[in-house]
Amino acid sequence: MQFIDPHVHMVSRTTDDYEAMRAAGVVALIEPAFWLGQPRTEVGTFKDYFSTLVGWERFRSSQFGIRHYCTMGLNSKEANNEPLAEAVMELLPLFATKEGVVAIGEIGYDDQTAAEDKYFRQQIELAKELDLPILIHTPHRDKKNGTYRSMDVLEEHGCDPTKVVIDHCNEETAKEVLDRGYWTAFTIYPGTKMGNERMVDLMKHYGPERIIVDSSADWGISDPLSVPKTAALMLQRGISEADVKKVTYGNALAAYGQSGQMKESDWIDAPDIDRNEVFNGNSVLRNGRKADKIIH
Ligand SMILES: [Zn+2]
């Protein structure tokens, strides 16, 4: 089977991860702009990070046979540094319109402060202006209220729920998110949030419509293989291949494909991998080495 991991922070991951993901069937991924584990102090580091998402990381991924897309946004945590947030908001329209950008995100609430609310609303308006889907990060603390409030605000701004992915859902929030018509995404973290078995139970309960599975793998303890692993467990537990395909491939493609930036032919018709290729003069090979073969 082929998979899409629609939420994974590859800048924090290794080439071993890329190789393992491709071997497990991941053909495309989406890397949402997020924070780095510590707060940035300058707008320039945002600019370089955004450039990496549409530049080097996209190239690096392609060298391992995985099509790379990203989302652009000011994350909720760093929205609380208002002078910095203002400067980032000025950068966003430029980067949100680059090739391979499939949504504005991940945006929403962290501590549900006034500053978070302000930049959340501004970015909803930016997404509407650019006609891009939105990826919502729901908070880890006070999740239920934060999730409901995010949807209230989206609806206040007249957003079409079929263009919004609400991520990091759980058993407590799933029903409301589905009932209100949103794409409902679940992060499979090892040991926390959604365990694989819990995801199987949710699938058995709700079926595959508008449900999306992702890894959200980043610089913390996480598993870049959690999408293929969850698919394997679902099949083992008797969920049909068609349903598994929907939640680990088809639904993400349908949701983010609305950007006009992501289509199946991107990876089906991808050229062979030539690791002698360079991006800004740099390749994934070590200095002086030459790749001896082209990978089909
Ligand atoms: Zn994330």
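Basis of the entries. I am working on a predicted model, in which local features need pLDDT of at least 70 and side-chain atom pairs count only at pLDDT 80 or more, while totals for chains, interfaces and linings use all residues. Residues are numbered from 1 along each chain as its sequence is written, and side-chain values use heavy atoms, with hydrogens and water left out.

Entry, the sheet. I take helices (H or I, at least four residues) and strands (E, at least two) as DSSP runs, numbered from the N terminus. For the pairing above I noted that P32 has T71 in strand 3 as its bridge partner. Strand 3 (residues 67-72) is in turn joined to strand 4 by 3 bridges, and these two run parallel, with M72 standing opposite I104 in strand 4. On to strand 5 (residues 134-137), I found that strand 4 pairs with it in the parallel sense over 3 bridges, and that I107 stands opposite I136. Between strand 4 and strand 5 the chain passes through helix 5 (residues 114-130), and this β-α-β crossover is right-handed, which is to say that, with the strands pointing away from the viewer, the path from the first strand over the helix to the second runs clockwise.

Entry, burial. I use buried for under 20% relative accessible area, exposed for over 50% and partly exposed for in between (1.4 Å probe, protein chains only). On that scale 8 of the 8 residues of strand 4 are buried, and for strand 3 I read 5 of 6.

H9, in the loop between strand 1 (3-5) and helix 1 (15-23), and E106, in strand 4 (residues 101-108), are 97 residues apart, a pair that links distant parts of the chain. Both H9 and E106 are buried. I also noted that the peptide bond from G105 to E106 is cis, with omega near -10 degrees.

Entry, W35. I located W35 in the loop between strand 2 (26-32) and helix 2 (43-54), where it counts as buried because its relative accessibility is 15%. Leaving aside neighbours within four places in sequence, its contacts (heavy atoms within 4.5 Å) are R40, N75, K77, E78 and W219.

Entry, S150. I found S150 in helix 6 (residues 143-156), buried at 0% relative accessibility. The side chain of S150 reaches the backbone oxygen of G146 at 2.7 Å, and, not counting residues up to four places away in sequence, S150 touches Y109, F120 and I136.

Entry, positive phi. Most residues other than glycine have a negative phi, so I looked at two residues in turn. S216, in the loop between strand 8 (211-214) and helix 9 (226-236), has a positive phi of about 50 degrees and is buried, at 1% relative accessible area. N280, in the segment after helix 11 (265-268), has a positive phi of about 50 degrees but is exposed, at 74%.

Methods
Two strands pair if DSSP finds at least two bridges between them. A polar contact is a pair of N or O atoms within 3.5 Å; within protein, one must be able to donate a hydrogen and the other to accept it, and residues adjacent in sequence count only if both atoms are side-chain atoms.
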